[in-house]
Amino acid sequence: MTIDEPDKLRVLGWQSGDPLLPRKAFVIGLLDNQSHLVTIDLESGRVETHEISSGSGYPMLTMEDVAAAVDAAVSYPGLEVSAAARGLSVANLSCISPSPGWFGPEEEGKRLLKVLCYSKQGTPNFYMRPLEGLVMTVDVDRREVIKFSDTGRGIPIPGGANTDYRFHPGNDPPEMNPINPISMEQPQGPSFTVTDGHLVEWANWEFHLKADQRAGFIVSRVVVRDSETGDRRSVMYKGFPSELFVPYMDVDEAWYFKSYMDAGEFGMGATAMPLVPLNDCPRNAHYMDGVFVSADGRPFIQPNMICLFERYAGDSAWRHTELTVSAELREARAKVTLVARMASSVGNYDYTIDWEFQTDGLIKITVALSGMLMVKATVHDNMNQIENQEETGPMVSENVIGVVHDHFITFHLDMDVDGPNNTFVKVNLVKEENLEGKTPRKSYLKPVRHVAKTEEDARVKLSLYNPSEFHVVNPSRRSRLGNPSGYKVVPEANAASLLDHSDPPQLRSAFTNNQIWVTPYNRSEQWAGGLLTYQSHGDDTLDVWSHRNREIEDKDVVLWYTLGFHHVPCQEDFPIMPTVAASFQLKPVNFFDRNPILRAHPVFEKDLPVCRPSESASAM
């Protein structure tokens with residue numbers, strides 16, 4: 001159950017002091033294997049709409065579903081026999097329940113979960129000790145195992161030595177010099193305010209921030225104050241991670257189905273754990289809770305799942321030293337940004353998502369991956385024993401294969417640059433030859449603008465050798481020089497899905513076929529993998545919507561951007577994975593008449609307290 005948001009035009013027209021808009025709830029209920037979509041007016045308590053979904057797919061799994069599936073698996077007699085054959089008892093096992101994807105008609109008509117088990121003897125990091133080849137398929141509604149596959153009894157369980165990741169003060173001293181504690185202090189307190197629990201104001205920015213059970217958190221009603229006029233100007237109506245797709249590259253019976261869609265199957269907010277102060281977020285952070293709904297309709301609180309803080313790492317937002325004048329001219333402005341952060345623990349992987357706002361009008365969105373690998377046990381304990389690249393990934397420890405896999409995160413970005421009606425423009429960098437030969441130069445690059453008139457025009461596959469900029473502009477709002485007001489999406493490191501388009505996992509996640517899509521705004525098109533993602537067939541995805549090829553020029557449009565990672569594991573990813581991050585930016589382009597940093601104040605020594613180590617610390 002979520003809040004059914006009011007119509008966008010009504011929200012945009014609402015002003016503080018106006019009567020509140022009607023409050024409604026949107027409920028997805030599961031009854032007799034059918035998904036019921038219900039809208040309820042919360043003032044009257046009446047059902048306004050009721051529809052039974054006719055498409056494929058089921059709602060997100062609940063924690064009750066997961067617990068029931070694991071209970072059914074651990075009580076299955078075959079598991080006890082299989083564990084005993086490996087020298088274990090069921091009490092020594094920790095079992096998890098990954099989603100099964102969808103692979104054909106035999107999976108129709110029932111909600112399924114796959115259950116995998118690991119040895120937890122000697123370590124909390126059970127992910128490093130799989131019972132390879134053991135998979136139980138559970139009918140979630142009947143609470144019973146309907147398929148038991150055990151093909152790996154001859155494969156040893158990897159050892160647990162040196163896999164414990166817990167910190168204890170009595171641990172052996174680390175083989176590295178310790179780092180002294182570090183913290184950013186704000187003697188006058190933070191520069192941001194949070195009103196009514198959700199409305200954030202900082203520097204020249206204002207936006208609404210709320211937790212969401214599926215997306216994690218949603219940033220909305222983003223406006224920036226023009227540093228020249230003081231006007232509040234809209235940038236984005238709504239932005240959030242719409243879907244995550246994680247396919248593993250192994251076709252064995254125990255691996256082929258591992259092609260997870262974490263937002264639509266489990267929920268990024270539902271799996272968001274409390275952030276760890278001083279380690280996830282700095283001392284100056286402000287924390288927000290999420291209020292969600294359990295399977296029986298009761299509310300529950302996900303505490304401290306979002307943090308908001310100002311970041312300063314000694315970087316400059318702008319600097320210049322001029323040596324050509326008689327006296328040295330030296331100017332710099334400190335780069336202080338505002339970060340909204342959450343972290344979701346979806347099984348073995350942890351995803352940290354940052355929205356970072358800068359005073360020059362730029363928004364940087366970063367996804368960081370950490371946690372533990374999902375590994376495959378092998379009979380080999382050295383790469384020299386492996387012939388002809390027979391394994392689906394490199395060895396990361398004795399008897400442990402790190403299976404190659406991908407991560408794709410697709411963001412829904414409802415851009416409203418100076419208003420709802422926007423246009424998507426590709427600014428292609430085209431090589432021109434200097435044919436006339438007036439100078440020694442042979443070639444140069446020239447920007448050529450192409451206005452996307454339909455959805456097909458706007459699809460983008462990134463290429464280093466066909467470079468472009470990607471602008472969302474308001475053709476009705478011009479700068480003093482006549483340029484349309486705009487923001488551009490700036491890709492950084494990225495990866496594309498290489499799976500066959502007819503492969504069932506790729507059919508379901510066809511939203512990763514391009515890195516950029518642009519669609520006309522439609523309030524029913526928010527989830528790139530479809531509203532009902534679990535065991536869906538790919539019949540309600542961004543790819544399906546976009547193939548209607550609707551007009552998008554000078555319309556209320558949504559930009560979709562997919563950030564990707566190819567992960568070929570290595571030994572440094574074992575037994576825990578260091579954080580790997582990638583970003584993209586939303587950057588103003590002819591939005592301001594001049595750089596807003598011109599209005600920024602420098603920091604002086606007198607503005608800060610003098611902090612020195614204590615005498616005892618200095619003597620150490």
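Two strands count as paired if DSSP finds at least two bridges between them. In this predicted model, S22 and S24 meet that test, with 3 bridges in the antiparallel sense. Within S24, Ile401 is the residue that stands opposite Lys376. The pair belongs to an open sheet of 3 strands, ordered S22-S24-S23, with antiparallel pairing. Strand S22 (375-377) and S23 are the edge strands; each has a single partner strand, so one side of each has no neighbour in the sheet. On average, neighbouring strands here are turned by 40° against each other, direction ignored.

Asn399 sits in the loop between strand S23 (395-397) and strand S24 (400-402). Its phi is near 65°, a positive value in a residue other than glycine. Is Asn399 buried or exposed? Its relative accessibility is 15%, so Asn399 counts as buried, because the cut-off for buried is under 20%.

## Other backbone points to check

Most residues other than glycine have a negative phi, and most peptide bonds are trans. With that in mind, here are two more places to look at. Asn33, in the loop between strand S2 (24-31) and strand S3 (34-41), also has a positive phi near 65°. At 30% relative accessibility, Asn33 counts as partly exposed.

The peptide bond from Phe574 to Pro575 is cis, with omega near 0°. You will find Pro575 in the loop that runs between strand S31 (555-567) and strand S32 (577-589).

How many of the 6 residues of strand S7 (residues 134-139) are buried? The count is 6 of the 6, so S7 is largely enclosed by the rest of the structure. In a regular strand the side chains alternate between the two faces of the sheet. For S7, both faces are covered: Leu134, Met136 and Val138 are buried on one side, and Val135, Thr137 and Asp139 are buried on the other.

S7 has antiparallel pairings with strand S6 (residues 112-119), over 4 bridges, and with strand S8 (residues 144-150), over 6 bridges. S7 and S8 form a hairpin with 4 residues between them, and Arg143 in the turn has a positive phi of about 60°.

## Helix H3, two sides

Helix H3 (residues 77-85) has four buried residues to look for: Gly78, Leu79, Ser82 and Ala83. These residues cover an arc of only 135° around the axis, which puts them on the same side of H3. Pro77 and Glu80 are exposed on the other side of the helix.

In soluble globular proteins, nonpolar side chains tend to be buried together. The largest nonpolar core in this model has 86 residues, and Trp355 and Leu413 touch the most other members. Because domain 2 (63-150) and domain 3 (202-384 + 393-605) both give residues to this core, it lies between them. There is also a second, separate core of 24 residues, with Leu61, Val66, Leu88 and Val140 among them.

## Annotated spans

An unreviewed UniProt entry places "domain: Copper amine oxidase N2-terminal" at residues 3-49. That span is 13% helix and 47% strand, and its end C-alpha atoms lie 14 Å apart.

For residues 59-158, the UniProt record (unreviewed entry) gives "domain: Copper amine oxidase N3-terminal". Here the chain is 21% helix and 25% strand, with the end C-alpha atoms 36 Å apart.

Technical notes:
Residues numbered from 1 in each chain as written. Predicted model: local features only at pLDDT ≥ 70, side-chain atom pairs only at ≥ 80, totals over all residues. Heavy atoms only, no water. UniProt positions renumbered as here; feature names shortened; annotations may be inferred. Buried < 20%, exposed > 50% of the residue type's maximum accessible area, 1.4 Å probe, protein only. Axes fitted to C-alpha atoms, helices over the stretch in contact; angles between N-to-C directions. Core = buried A, V, L, I, M, F, W, Y, C linked by side-chain atoms within 4.5 Å. Domains from an automatic or database assignment. Arc of directions from axis to C-beta.
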